[in-house]
Amino acid sequence: MSTEPTTADHAGGSADKPSGASSAGSVRKDPRRRIPRTDALLALPEAQAIGPIVAKRIITSVQQRARSGEISPDEVEPAVRSLLTGHRGSLRPVINATGVVVHTNLGRAPLSADAARALTEAAGYTDVEFDLATGQRARRGAGAVAALKDACPAAEDALVVNNGAAALMLAAKALTGASDGTVSPILLSRGEFIEIGAGFRLAELIESAGVRIEAVGSTNRTHAADYDRPGAILQVHRSNFTVEGFTSAPEPRELAELAHARGDVLIVDVGSGLLRPEPALPHEPDMASALKAGADIVIASGDKLLGGPQAGIVLGRAEAVARMARHPTARAVRADKLTLAGIESALQHTPPALDYLRRDADALLGRTRAFKKKLGAAGADCEIVPHDGRAGGGAGPEVPLPGWALALPEAAAEPLRTGEPAAVGQVRDGRCLIDLRCVPESDEPALAAAVERVLS
Ligand SMILES: *Cc1c(COP(=O)(O)O)cnc(C)c1O
């Protein structure tokens, strides 16, 4: 590693002296001598919090601005601090006090501190498509693929794309064309023509990619025999609604047998990104189970219960994944280095989203009581009420996650939303409910201070 020039030797001996800096006196007066040194800036708590690699990059860029005269030496430390703590774009951090874990309007899954660090570390040049040992080009995002295969051994191979919708479109395009040039349709149950939000319908997405859909079965009941005709079979999880009453849907195992008997594939879209069965959401399909049942390709989102950044996760048989990876459309939906870094990291530990999903009602009650105490006199009139959280993001819409909330007057909702930090509660029946399920412990003091301010 090369040693970084200190401010002193830069100002004293560099070639780009400002005009008139020839006499010893003016060198001494050179304001650039007052630029804070790298080691001093690295010792700032804000720098310690994000680690030396990223911190140094930020520090160097600010020192450079001071050396070029763009900012004064006195402005260096405040600028470094502000960059290290972020808050510079239009997107503001929000405390999610709604109790909805994967809240689409609030950016879906929160990243763990590790995953966030992985993203920042990948922000500069990185070996995303390069083998440092050989100096040769390497498979893009091999680390994320390996982490996915580790996390889900039932998968022979994996692919990360832009999002779940992109994965679905790519699967539909890549797995319906045969080597003789013929194109088969996608068979989709009439009960699975789903709108996922903001007016987007999955069937329309697939058709917009030039793939024909053949509707099979009926809205409430579809049987394996309905799929007994040529075409790739797609099963889409009815993630954001439930169908009750006189209903029936075939098991993935039956569909896999049917498809494979005639040389077609089974694609299963599980939506939520659960890698394996999750006791907190007993009816939610998971990727490993679908693969074990014989699915050739399983698709999910990276930023729902998988707890990573926005991504489409594809797991499946090696040959089917390879067909998707080499399809021309794969290039248009490929994941960027930040996504790959975030997904890889999210897979190494339990992500915050799963922790929040699994929070125990008694523990939440204890936290809510302690939170109310912190409010002091301001909290005297607030009531603690039972409040069910939700997985959100289209997972387990019918499954309540038992918990508690602090009930504030409805009028508190607006100042909490627009304050600093911004906090969003659940407005219901004339009250603003503050549910701590998805509030990190480290955010609790700031939330308590905000609530106290609003109440008094
Ligand atoms: C969420 C969801 C999608 C879309 O995934 P994105 O990552 O939002 O593009 C597709 N299918 C199902 C079943 C889903 O739940």
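Because the model is predicted, local features need pLDDT of at least 70 and side-chain atom pairs count only at pLDDT 80 or more, while totals for chains, interfaces and linings use all residues. Residues are numbered from 1 along each chain as its sequence is written, and side-chain values use heavy atoms, with hydrogens and water left out.

The protein chain contains 19 helices and 19 strands; helices (H or I, at least four residues) and strands (E, at least two) are DSSP runs, numbered from the N terminus. Its C-alpha trace spans about 90 × 65 × 35 Å along the principal axes. Of the 456 residues in the protein chain, 46% are buried, where buried means under 20% relative accessible area, exposed over 50% and partly exposed in between (1.4 Å probe, protein chains only). Among contacts (heavy atoms within 4.5 Å) with a separation of 6 or more, 71% are accounted for by residues 24 or more positions apart.

We can turn to the sheets. Seven strands form an open sheet with mixed pairing, in the order β5-β13-β12-β11-β10-β6-β9; two strands pair if DSSP finds at least two bridges between them. At its edges are β5 (157–161) and β9 (213–216), each of which pairs on one side only. The twist averages 25° from one strand to the next, with axes taken as lines fitted to C-alpha atoms, for helices over the stretch in contact, and angles running from 0 to 180 degrees between N-to-C directions. Helix α9 (residues 164–174) packs on this sheet, where it touches β5, β6 (186–189), β10, β11, β12 and β13, and its direction makes about 160° with that of β12. Strands β12 (residues 297–301) and β13 (residues 312–316) are joined by five bridges in the antiparallel sense, with serine 301 opposite glycine 312 in β13.

On one side, β10 pairs with β6 in the parallel sense over three bridges, and leucine 188 stands opposite leucine 234. The pairing of β10 with β11 is also parallel, over four bridges; in β11, isoleucine 267 is the bridge partner of leucine 234.

Both β10 (232–236) and β11 (266–271) are also part of what covers the buried residues of helix α11. In α11 (residues 252–261), the buried residues are Pro252, Leu255, Ala256 and Ala259. They cover an arc of only 100° around the axis, which puts them on the same side of α11; the arc is that of the directions from the helix axis to the C-beta atoms. An α-helix has 3.6 residues a turn, so residues three or four places apart point the same way. The face turned away from the buried side of α11 carries the exposed residues Glu257 and Ala261. Just after α11, glycine 263 takes a positive phi of about 80°.

The ligand is surrounded by 13 residues, the closest being Gly164, Ala165, Asp269, Ser301 and Lys304; a residue is near a molecule or strand if one of its heavy atoms lies within 4 Å of it. A polar side-chain atom of aspartate 269 lies 2.6 Å from a nitrogen atom of the ligand. A polar backbone atom of glycine 164 is 2.8 Å from a ligand oxygen atom, and an N or O atom in the side chain of asparagine 163 is 3.4 Å from an oxygen atom of the ligand.

A further open sheet has four strands in the order β14-β16-β19-β18, with antiparallel pairing. Its edge strands are β14 (383–386) and β18 (426–428), each pairing on one side only. Neighbouring strands are turned by 40° against each other on average, direction ignored. Four bridges join β14 and β16 (residues 404–409) in the antiparallel sense, and proline 386 stands opposite tryptophan 404 in β16. Helix α17 (residues 361–374) lies across β14 and β16, running at about 35° to β16.

Note on methods:
A polar contact is a pair of N or O atoms within 3.5 Å; within protein, one must be able to donate a hydrogen and the other to accept it, and residues adjacent in sequence count only if both atoms are side-chain atoms.
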